[in-house]
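Please examine the structure below with the sequence at hand. The paragraphs that follow begin with a single residue and then widen to the whole chain.

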Amino acid sequence: MPEPSATIFRRAPGLDAMNALSRGTAIEALGIEFTAIGADHLVATMPVDGRTIQPYGLLHGGASVLLAETLGSSAGNLCVAEGEACVGLEINANHVRAVREGHVTG
């Protein structure tokens with residue numbers, strides 16, 4: 001599929017600015033880092049470590065949902081006009097497989 005010629009985002013602050021906005025939030029506390037912004041997508045990674053696992057050593061489902069919500073809300077906010085905001089109203093998640101180490105990417 002060819003790359004789109006124009007971005008869907010009204011604003012593109014850059015990765016440094018996106019990561020700076022996360023300071024002092026749950027995003028920073030869980031180690032989520034924005035790693036790419038494309039014409040129609042936003043990518044972030046999250047470590048699977050003591051901050052994000054549940055007592056059985058597996059990635060906590062709530063941490064996965066926080067990563068998904070972070071990406072959805074952040075991408076949505078790049079699509080709206082200055083002074084407007086997007087927030088999540090409802091989220092549903094299905095966990096496909098367990099992860100014990102490394103990073104997950106959304």
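Isoleucine 37 has its place in strand 1; helices (H or I, at least four residues) and strands (E, at least two) are DSSP runs, numbered from the N terminus. The model is predicted, so to speak of local features requires pLDDT of at least 70, side-chain atom pairs count only at pLDDT 80 or more, and totals for chains, interfaces and linings use all residues. Residues are numbered from 1 along each chain as its sequence is written, and side-chain values use heavy atoms, with hydrogens and water left out.

Isoleucine 37 counts as partly exposed because its relative accessibility is 28%; buried means under 20% relative accessible area, exposed over 50%, and partly exposed in between (1.4 Å probe, protein chains only). Apart from neighbours within four places in sequence, isoleucine 37 is in contact with Phe9, Gly14, Leu15, Met18 and Leu42, where contact means heavy atoms within 4.5 Å. Between isoleucine 37 and arginine 23 there are 14 residues of sequence separation and 19 Å of space, C-alpha to C-alpha.

Gly14, one of those contacts, is found in the segment before helix 1. Its relative accessibility is 25%, and glycine 14 therefore counts as partly exposed. The C-alpha atoms of glycine 14 and alanine 36 are 8.6 Å apart, although the two residues are 22 apart in sequence.

The order of elements gives these residues their setting. The protein chain holds three helices and three strands, which run α-α-β-β-α-β from the N terminus on.

In soluble globular proteins, nonpolar side chains tend to be buried together. A nonpolar core is here a set of buried Ala, Val, Leu, Ile, Met, Phe, Trp, Tyr and Cys residues joined through side-chain atoms within 4.5 Å. The largest such core has 17 residues, of which Ile32, Met46 and Leu67 touch the most other members. At least two residues of this core come from each of strand 2 (42–48) and helix 3 (61–79), and helix 3 gives the most, with five residues. What does methionine 46 contact, leaving aside its neighbours within four places in sequence? The contacts of methionine 46 are Leu30, Gly31, Ile32, Thr52, Leu59, Ala63, Ser64, Leu67, Gly102, His103 and Val104.

Helix 3 has 19 residues and reaches 27 Å from its first C-alpha to its last, close to the expected 27 Å; the expected span is 1.5 Å times one less than the number of residues. Among the buried residues of helix 3 are Ala63, Leu67, Thr70 and Leu71. The cover over the buried residues of helix 3 includes helix 1 (15–21), helix 2 (26–29), strand 1 (33–37), strand 2 and strand 3 (102–105).

Glutamine 54 lies in the loop between strand 2 and helix 3. Because its relative accessible area is 18%, glutamine 54 is buried. Beyond its neighbours within four places in sequence, glutamine 54 is in contact with Leu59 and His60.

Finally, some values describe the chain as a whole. Of its 106 residues, 28% count as buried. Among contacts with a separation of 6 or more, 57% join residues 24 or more positions apart. Along its principal axes the C-alpha trace spans about 45 × 35 × 25 Å.
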